[in-house]
Amino acid sequence: MSFHHTRSSNRSKSLSIPEHVPVGVVIGKGGSNCKAIRANHGVFCKVDAADRKVTLTGPMTGIKSAEDELANLFSSIVITKPGEERVFDIVVRDGPTRWWSFEKDKESTSDKQIQEYPYRLQQSGRAVETPSLSKSWIKEFRQEDTTRVMSYLLDKPSELPPKIKVAFGKLCFKLKSIRCENSTIAWPELQNLQNFNDFTTRWSNFCRRSSPSIVALMDDLEEWMEKGVEPQKSLSVHLAGYEGKSYDLKYHLVDGQWELHNAYSRRYVRGTYDVILDNDTSFRVRAVTREKISKNVSADIQRCLAISIPDDDIFHTEVALIQPDMHIKSFDAKLKVHVETNGLRFSISYLDQRHEEFRLECRLLTEEKAKLSTKDNEAHVLLEKVLQSMLGKTVVSIAAAAAISSLCVGAELSVVESPRVQDLNQTLQRVAFGSCNDQSFPQPMWSNIAAHNPELWIWMGDNIYADVKELGEPRPVPIPPRKMFVEATREELIRRYNKLLANDDYAAFVNRTPIIGIWDDHDYGINDGGKYYSYREDSQQVFLDFINEPKDSPRRKQEGIYTSYTVGTGDRTIKFILVDNRYHRDDYGTKDGNLLGEAQWKWLENELMTSSAAFNVIVSGIQILPGDRYPVAEGGRSPSQRERLLKLILASHAKGVILLSGDVHFSEINQVVCSNGTNTITEITSSGMTHSWMEFHVPSMKYIMALLFTYANLVMPWEFRPTQKSFYGHLNWGSIDFDWENKPYPVAVVKTRGADDQVKLQYEFESKPYDSDSPEQDAAECRAPRLIPRWQRLFWHGLFVGVVGVFLLLIPVNALVLLWLVWYFIKKALPGKKSIHKKTE
């Protein structure tokens with residue numbers, strides 16, 4: 001809704017900002033709070049930082065409601081005294097497989113231990129590793145207790161020091177220990193965390209010039225440019241594959257050449273502990289080890305690399321491998337400069353030529369640390385000084401610091417800034433895509449994907465799993481009235497999207513990569529969901545927030561998330577057509593059911609018929625072409641809708657049509673041959689970024705499902721694959737590389753890669769249209785490339801179902817045999833009555 005006011009109907013009112021409320025909180029990131037007030041209340045908002053006043057201009061009713069909202073904001077930011085901050089929830093993660101969640105016990109009890117420490121274990125990632133409930137009480141952390149952590153490290157020397165990271169909201173502190181025992185930190189050790197005596201505290205953050213406080217800080221720090229200071233030029237290279245290990249190499253630029261400065265094995269996170277305090281304040285303790293490698297190993301690795309600097313621009317440094325059994329996970333060059341001010345030593349690492357992206361780190365100067373007494377909290381002092389530099393005033397509450405970093409916490413989606421696809425003006429060379437990504441599982445693919453530097457990422461559905469239990473939660477057998485899948489509410493969708501956005505590797509990737517995409521059923525909100533899903537309007541807005549769709553986008557006002565993007569210039573353009581196969585779909589089994597809805601079909605027809613792009617990439621959350629998989633693939637479930645799409649593709653004469661899909665938890669190539677062999681339409685499926693048929697998501701079923709999948713691919717005919725082996729059943733993601741110089745047509749090479757970063761499937765598309773004189777007839781006659789007689793199909797399907805059925809039948813039979821054997825041996829073991837036989841004469 002927009003508001004229009006005449007000058008005569010407007011009123012103005014000024015409000016004073018309380019002293020304990022930072023001005024930056026009122027403004028919001030990029031002015032977001034003032035924009036929200038205008039959108040919600042029809043009132044213009046102006047903040048005077050010098051006079052600490054907010055001026056509201058608009059109708060009186062709008063001013064009153066905006067004034068109430070600001071009053072609530074002011075009252076939510078409080079200054080607490082030491083000792084009043086209390087833990088209300090603790091989440092502990094010990095490596096990738098174990099985690100615990102604690103909540104305050106609300107039940108009354110006479111147990112003194114529970115009264116003193118009322119935090120009870122609620123969930124555990126693996127029950128066999130869960131501590132006893134009677135021993136799971138945790139000593140309560142208070143705000144001032146951040147100075148009493150890790151005392152057990154002081155008595156356990158080690159040659160491998162960890163890095164400990166403590167974060168207050170988004171203001172992050174890293175603490176480096178000089179001692180550590182070389183073993184994974186376990187739960188009993190967590191209970192003994194005591195102090196930081198041997199730690200160095202520093203603040204670290206990745207930044208853009210998007211917030212007023214960061215801009216003000218950088219204006220002061222960048223006076224170094226006027227003083228002729230020469231920044232340090234450095235290069236970081238992350239490698240994998242040499243002797244089965246990963247390595248970090250650090251270079252400095254000397255006389256125009258990169259020279260190795262030091263080399264380490266890749267860091268290993270041995271334990272991460274998140275402690276959440278009141279007022280949305282939290283801190284994280286993370287133990288990380290890394291080992292410096294020998295000069296001989298370093299020299300061997302060096303001989304495998306070729307590093308060059310085109311046009312003397314370090315930010316375009318090129319790193320290539322000479323040895324094929326290694327691969328580069330990532331590399332980046334930066335300019336680093338040190339600035340001392342206000343008792344702090346700042347390190348600024350510029351990550352691009354324009355100095356728009358940078359990393360800030362700072363620590364107390366040595367002379368400042370010398371002034372601290374044994375009672376002083378170094379982290380707290382550092383925090384105050386950082387905020388003084390950013391805001392020009394002292395903030396005496398960690399809760400206020402957290403409020404500066406994150407105003408809205410709760411049932412709101414985290415904001416991860418990423419470039420917009422609309423800003424991509426150059427010719428694309430590489431895009432990447434993937435699907436089926438459970439946010440509660442380990443996320444192993446993002447570092448590999450980032451290492452290939454795609455210019456665009458495409459989500460193809462099941463980007464999170466919102467309708468099913470997460471990893472570690474109990475999964476009851478779905479016997480009625482229990483359900484395996486439950487409709488996800490807006491709050492549940494947000495919670496699970498936030499879990500993915502909190503992943504460091506994913507956040508780093510989307511910070512520099514434009515994101516587009518569509519959904520499928522599990523991120524839509526319910527398995528096999530369609531137009532009768534209860535929360536589809538809420539789900540649409542949450543999904544668009546997740547991919548950072550602008551608030552004024554037409555996509556937010558239409559029914560469904562379908563859209564298109566055209567990227568490139570001249571005859572080197574690519575059109576991405578993203579279809580929504582959930583919002584309008586009829587229930588399965590509906591006679592003449594519709595998959596996309598008539599409005600979307602008309603839109604899709606216009607997009608293809610009017611396209612002049614060199615390549616047209618159609619992205620679907622579900623498979624389209626296979627017609628032999630009912631009830632798994634859409635080709636079998638909705639044959640009329642499949643035929644309608646094929647007719648549209650053939651009739652449009654659109655060039656370079658590439659079908660991409662997800663959903664099925666393996667990677668595959670499928671085709672249909674049309675127009676008596678003249679036209680072959682190809683679909684590439686990439687599905688399973690966190691779990692697949694060969695890495696099933698239910699651990700107890702993992703090996704059974706892998707065996708079932710392997711057997712199915714040996715026996716079933718799979719007629720729509722170009723070859724029997726055109727599939728890959730493990731974790732995978734995909735990419736498209738465009739060769740614009742190829743003659744006579746540009747080509748797009750689509751690949752899917754495994755977790756080992758090796759190419760598993762590959763197919764080449766040419767930028768030329770399909771040729772069909774009778775699209776309707778040709779679409780009806782499209783067939784599989786390896787068509788077999790119907791009797792053979794029935795035979796192989798029957799054999800598969802029969803063997804699986806016999807296997808399932810043998811389970812209860814074997815159970816009965818086992819019970820009979822137990823009964824038999826028990827009977828034999830028990831003493832029985834002896835029979836007496838009389839000899840008859």
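Trainee: How many bridges join strand β20 to β21, and do they run parallel or antiparallel?

Mentor: Two strands pair if DSSP finds at least two bridges between them, and here β20 (residues 430-434) and β21 run parallel, joined by three bridges; A432 stands opposite W457 in β21. Helices (H or I, at least four residues) and strands (E, at least two) are DSSP runs, numbered from the N terminus. This is a predicted model, in which local features need pLDDT of at least 70 and side-chain atom pairs count only at pLDDT 80 or more, while totals for chains, interfaces and linings use all residues. Residues are numbered from 1 along each chain as its sequence is written, and side-chain values use heavy atoms, with hydrogens and water left out.

Trainee: Which strand is joined to β21 by four bridges?

Mentor: That is β22 (residues 515-518), which runs parallel to β21, and W459 stands opposite G517 in β22.

Trainee: Which residues of β21 are buried on each side?

Mentor: Buried means under 20% relative accessible area, exposed over 50%, and partly exposed in between, with a 1.4 Å probe and protein chains only. In β21 (residues 457-460) both faces are covered, with W457 and W459 buried on one side and I458 and M460 buried on the other.
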